[in-house]
Amino acid sequence: MNNQSMEIRIEKNPTQQRLKELGISHWPIWEKEVSKFDWHYPEEETCYLLEGEAIISSANNKPIRIVQGDLVVFPKGLSCQWEIVKKVKKHYKIG
């Protein structure tokens, strides 16, 4: 896979209309306290941060900071490290 396909995409503060179109309010919620851990995405995952802040590092990307209000797409096959700086609460959808 090329690096382009491993790019984490972030949409800052999507509109309420966009969130409604995606059906985010019906997605499950995941919460995690301040911590650091490795993670692998076997499928693409889209998430919307309701609260918190994390730094995501991977071999293919510069570390990126995600915060409340970010809509984030993690590509299928990405291996990364999460560093949760402030407790995270997010809606997520796999696939």
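The largest pocket is lined by Trp30, Phe37, Trp39, Tyr41, Pro42, Glu43, Glu45, Trp82, Lys90, Tyr92 and Ile94. This is a predicted model, where local features need pLDDT of at least 70, side-chain atom pairs count only at pLDDT 80 or more, and totals for chains, interfaces and linings use all residues. Residues are numbered from 1 along each chain as its sequence is written, and side-chain values use heavy atoms, leaving out hydrogens and water.

User: What makes a residue part of the lining of a pocket?

Analyst: It needs an atom within 4 Å of a point of the pocket, which is an open set on a 1 Å grid over the protein atoms alone, with protein on both sides within 12 Å along at least five of seven lines. Strand S7 (79-94) gives the largest share here, four residues.

User: Why is strand S4 called mostly covered?

Analyst: Happy to explain: 11 of the 14 residues in S4 (residues 45-58) are buried, which means under 20% relative accessible area with a 1.4 Å probe, protein chains only.

User: What makes S4 and S7 a pair?

Analyst: Two strands pair if DSSP finds at least two bridges between them. S4 and S7 have 11, in the antiparallel sense, so they count as paired.

Note on methods: On a 1 Å grid over the protein atoms alone, a cavity is a set of points where a 1.4 Å probe fits but cannot get out, and a pocket is an open set with protein on both sides within 12 Å along at least five of seven lines; lining residues have an atom within 4 Å of a point. Helices (H or I, at least four residues) and strands (E, at least two) are DSSP runs, numbered from the N terminus. Buried means under 20% relative accessible area, exposed over 50%, partly exposed in between (1.4 Å probe, protein chains only).
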